[in-house]
Amino acid sequence: MGIDGIAASLVLLTGLLGPLVVLASWSFVQDKVKEFHLALLVLQTAMMGALCSLDLLLFYIFFEAMLIPMYLLIGVWGSEERQMAAMKFFLYTLVGSLLMLVALLGVYFIATPAGAHTFDYAGVYNGLLGAAREVSMCHGGATPCSPGPAALALLRYGPWMFAAFALAFAIKVPMWPLHTWLPDAHTQAPVAGSMILAAVMLKMGTFGFWRFAVPLFPAAAQQFQVPLAILAVIGIVYGALMCLAQRDIKRLIAYSSVSHLGYCMLGLAAMTPEAATGSAYQMLNHGVSTGALFLLFGMLYERRHVRNISDYGGIAKVMPVFTAFFVIITFSSVAVPGTNGFIGEFLVLLGTFNSGLPLWLGVLASLGVVLGAAYMLLMVQKVFFGTVTRKENQNLQDLNLREIATALPFVVLVLQVLVLFARHRAEEHLLHHQQHVRGAEHHAERRENSEPQRQARVEGAEQHQELADEAVRARHRDRRERDDDEERGEHRHHLRDAAVVADVPHVAALVEHAEQQEERAGRHAVVQHLVRRARRRLGRHRREPEHAVAQVAHRRVRDEPLDVALREAHQRAVHDADDR
């Protein structure tokens, strides 16, 4: 025994359905009450066992065991033609189950080697996995096909075994054209039988496809993909059109099951992630919405004991609470956004359009949504609104506390999407509020620490400005020094040229003395003064070169201190030259 994601939701729904079915039948079943509840418990046990079975033979036993209590519920506590409806239900499902038993025996011998045969699902699946890969390679034609014994048997008998599984599960769904037992069974069954049949038992067919037929025979499932999709779309449109033609409310709800479960099979046939998710979700949604429709109409049938639409009218004026519950469930059945029914059908249609199936299948499946809204809203308008046309309907009692407690869980499940959306929005609002509070606290901390930070920024800016000013002053000093060096170099070059041209030993000694003074002492003022005096003398020598020597002699008295200094500098230069 075990459970997986697909079975978990159905197990929860089965567990929830048990006490609600008992409450719904509290006053309806007055004869053989103990046997009635015993049949309910046996049926619930069989459904739980089928959903949790990880052994193929055990699944088959529970799958067949569900027929007996349901047969008793319909045949003993049903309506006028209950015997005929119970026999049709039993024979249809039994024939399909016997074919599945033959396929189970074939899987038993093919999947595992001799001496290690088992019905364990994991062993059978792992045994067929390698053979299924070889069969897929043979169908692909990319490499030479040389299958082993298991793959060869699967290649030969796999499509037939898949067909046997698919037939048994298609009858249980039911798919068109194997659906004819369902309207009679729903119409004649008591409220409890209709609720269990619609909410859980029909899902055994889609669950069987997901758990056994497709995983064990993937290559065959791929081959039958388009036929399954076509049958599913036919069931969607055919069930909706039949609902438009019905005058019996229970038969209308029964045919709506054929239409809605067609979306589950279409999602399975599309074989895309979106469609598969929508199919699994639609299984649960249909169980909630259709089970609630049968529950609510059973409450109305218990008061009036008539099923025709024409026998009602203006019910909303005398049963407002009942009308509110029924309208909410109707919105779920027609997949109004915000209810649970919208998600499953939307994902199935999205996955169908994204799959490799023909486009017209998705278009026809979308038409079923429009037709579903048409037949459900027309029924609601005729039954609940308008004037009260019959005197029997004027004194109908609204729901009591027990009936409200029975129907309220279904309403909550229908509106679970809105609840989850409101919760999500509340969490987002709370997160935004927490972020706003943290931002305000951070802003307050920044304001407390703003004055020291501002002072630090001011001090840093002042230091930066001081460094920039010092750098500018250093650049100016370097530039002045370079300009002075260039100017002094030009002066020395001109003085040297003038001395050569004038051939005046005294001027040449003066220039040499200026250069030595500049290099050794570094006295900038003295050098500039000497240079200016030498430049003036050179100008006079150029104008009167023949009197240059005489002019120097006449001015010797005034320039005697300078001449003495120049001679001493000349003598030191001569001594230095001799030393070198």
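Guide: Buried means under 20% relative accessible area, exposed means over 50%, and partly exposed lies in between, with a 1.4 Å probe and protein chains only. By that scale Arg303, at 23% relative accessibility, counts as partly exposed. This is a predicted model, in which local features need pLDDT of at least 70 and side-chain atom pairs count only at pLDDT 80 or more, while totals for chains, interfaces and linings use all residues. Residues are numbered from 1 along each chain as its sequence is written, and side-chain values use heavy atoms, with hydrogens and water left out.

Visitor: How many helices and strands does the protein have, and what share of its residues counts as buried?

Guide: Helices (H or I, at least four residues) and strands (E, at least two) are DSSP runs, numbered from the N terminus. The protein has 25 helices and 0 strands, and 45% of its 580 residues count as buried. Accessible areas come from the Shrake-Rupley method with a 1.4 Å probe, and for residues only the protein chains shown count as cover; the accessible surface of the protein comes to about 28,900 Å², of which 62% belongs to carbon and sulfur atoms.

Visitor: What covers the buried residues of helix α8?

Guide: Contact here means heavy atoms within 4.5 Å. In helix α8 (residues 181-188), 8 of its 8 residues are buried, among them Trp181, Asp184 and His186. What covers them includes α4 (67-77), α5 (82-111), α7 (149-172), α9 (191-201), α13 (249-270) and α14 (273-304). For the protein, 78% of the contacts between residues at least 6 apart in sequence join residues at least 24 apart.

Visitor: How many salt bridges are there, and which residue forms one with Arg307?

Guide: A salt bridge is a side-chain nitrogen of Lys or Arg within 4 Å of a carboxyl oxygen of Asp or Glu, and by this rule the count comes to 7. In one of them Arg307 pairs with Asp248, the closest N and O atoms being 2.9 Å apart. Because Arg307 lies in the loop between α14 and α15 (315-318) and Asp248 in the loop between α12 (225-245) and α13, the pair ties together parts that are 59 residues apart in sequence. Both Arg307 and Asp248 are buried, and together with Glu80 they are linked in a network of salt bridges.

Visitor: Which residue forms a salt bridge with Arg303?

Guide: Arg303 pairs with Glu403, with 2.8 Å between the closest N and O atoms. Arg303 lies in helix α14 and Glu403 in helix α19 (residues 401-414), so this pair ties together parts that are 100 residues apart in sequence. Glu403 counts as buried, at 3% relative accessibility. The side chain of Glu403 also meets that of Arg402 in a salt bridge (3.9 Å, N to O), and Arg402 counts as partly exposed at 22%.

Visitor: Which residues make the nonpolar surface patch?

Guide: Patches are made of residues with over 30% relative accessible area and no salt bridge, where like charges are joined within 9 Å and nonpolar side chains (Val, Leu, Ile, Met, Phe, Trp, Tyr) within 5 Å. Trp360, Leu364, Leu367 and Val370 make a nonpolar patch of about 370 Å². Val370 has its place in helix α18 (residues 359-384), and at 53% relative accessibility Val370 counts as exposed.
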